[in-house]
Amino acid sequence: MAEISILSVCGSGVVTSHMVANKLVEMFEDEGYDVTTDECNPSELDGYLTRGSYDFIAYSSPISDDTHGVPAFSAMGLITGLGEDEFKEEALEALHAAGK
Amino acid sequence: MVLRKELVQVHQKYASQEEALRSIAQTFVDLGVVKESFPQAIIDREAVYPTGLPASEFDIAISHCDSDHVNESAIGAVVLDEPVEFEMMGGMGDGPLSVRLIFMLAIKDPKAQVPTLQKMMAIIQNQQLLKDIREADTAEEAFDLIAPALAE
């Protein structure tokens with residue numbers, strides 16, 4: 001099973017990023033991936049990207065343009081439930097492009 | 001159960017977003033589940049990272065802040081008679097949302113609250129439930145709608 005690592009970013013790094021992370025684990029385990037997640041706030045983002053290795057970022061607060069080359073997608077569709085399929089499609093495309 | 005009866009209110013009216021947040025956050029202070037710093041932290045956080053979310057018939061907000069201001073995890077819900085403006089989460093909205101239902105979350109340890117946060121996410125995506133909560137006549141009625149949806 002391909003292992004993927006996702007970084008979930010929200011304003012406080014507490015509530016929304018965990019909601020999103022849970023959702024992502026569910027969503028991508030269904031796609032056959034072994035999923036790990038980290039959660040942080042926008043000011044911690046650079047540190048997390050320096051220390052860790054992530055397949056993509058899901059954000060619900062505006063983040064810096066410099067994501068160290070890691071693809072970043074808005075998680076708003078996951079939170080409202082009104083754009084889950086679009087999110088999944090974009091993220092899967094990025095994973096496939098990376099050979100995962 | 002993190003949803004607390006004392007933190008559920010209906011038919012509330014506020015002149016502004018700040019007044020709404022300060023007043024609702026104060027009910028958490030009065031209950032002792034958060035520190036005195038909680039109301040200001042909620043207001044400041046909302047200004048920088050808004051928590052408004054669009055829903056089908058009316059908009060909602062899920063106001064929260066850092067765990068530092070929280071003693072004990074608790075969730076409240078307040079239904080507004082008149083909408084209050086919130087910016088949309090993510091900073092990608094087109095202008096302010098008209099919020100009729102505010103969930104306020106005081107979360108001490110997000111890892112320990114994962115099941116609750118998962119259920120919270122299901123609630124904010126359940127348009128019929130949101131509508132029913134908004135139409136509740138009494139706080140008891142609103143509580144009885146939300147409690148089973150948050151229960152284990």
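User: Is B:Gln128 buried, partly exposed or exposed?
Analyst: This is a predicted model, where local features need pLDDT of at least 70, side-chain atom pairs count only at pLDDT 80 or more, and totals for chains, interfaces and linings use all residues. Buried means under 20% relative accessible area, exposed over 50%, partly exposed in between, with a 1.4 Å probe and protein chains only. The relative accessible area of B:Gln128 is 47%. B:Gln128 is therefore partly exposed.

User: Where does B:Gln128 lie in chain B?
Analyst: Helices (H or I, at least four residues) and strands (E, at least two) are DSSP runs, numbered from the N terminus. Residues are numbered from 1 along each chain as its sequence is written, chains are lettered from A and ligands from 1 in the order in which they are written, and side-chain values use heavy atoms, leaving out hydrogens and water. The run that holds B:Gln128 covers residues 127–134, which is helix 4.

User: How far apart in space are B:Gln128 and B:Glu57?
Analyst: In sequence, 71 residues separate B:Gln128 and B:Glu57. From C-alpha to C-alpha, the distance is 9.6 Å.

User: What is phi of B:His11 near?
Analyst: B:His11 sits in strand 1 (residues 3–12) of chain B. At 44% relative accessibility, B:His11 is partly exposed. Its phi is positive, in a residue other than glycine, and is near 55°.

User: Where in chain A is A:His68 found?
Analyst: Phi of A:His68 is near 55°, a positive value in a residue other than glycine. A:His68 is partly exposed, at 37% relative accessible area. Its place is the loop between strand 3 (56–59) and strand 4 (72–74).

User: In what order do the elements of chain A run?
Analyst: Chain A has four helices and four strands. From the N terminus on, the order is β-α-β-α-β-β-α-α.

User: Is A:Ser8 buried or exposed?
Analyst: A:Ser8 belongs to strand 1 (residues 3–9) of chain A. Contact means heavy atoms within 4.5 Å. Leaving aside neighbours within four places in sequence, the contacts of A:Ser8 include A:Ser17, A:Val20, A:Asp38 and A:Cys40. With a relative accessible area of 1%, A:Ser8 is buried.

User: Is A:Glu93 buried or exposed?
Analyst: A:Glu93 is in helix 4 (residues 84–97) of chain A. Its C-alpha atom is separated by 20 Å from that of A:Val9, 84 residues apart along the chain. With a relative accessible area of 57%, A:Glu93 is exposed.

User: Which three residues supply 27% of the area that chain A buries against chain B?
Analyst: The contact takes 25 residues from chain A and 25 residues from chain B. Buried area is the accessible area (1.4 Å probe) that two parts lose on being put together, summed over both. The two chains bury about 2100 Å² between them, with 68% on carbon and sulfur atoms. The three that supply more than any other three residues of chain A are A:Val15, A:Met19 and A:Asn22.
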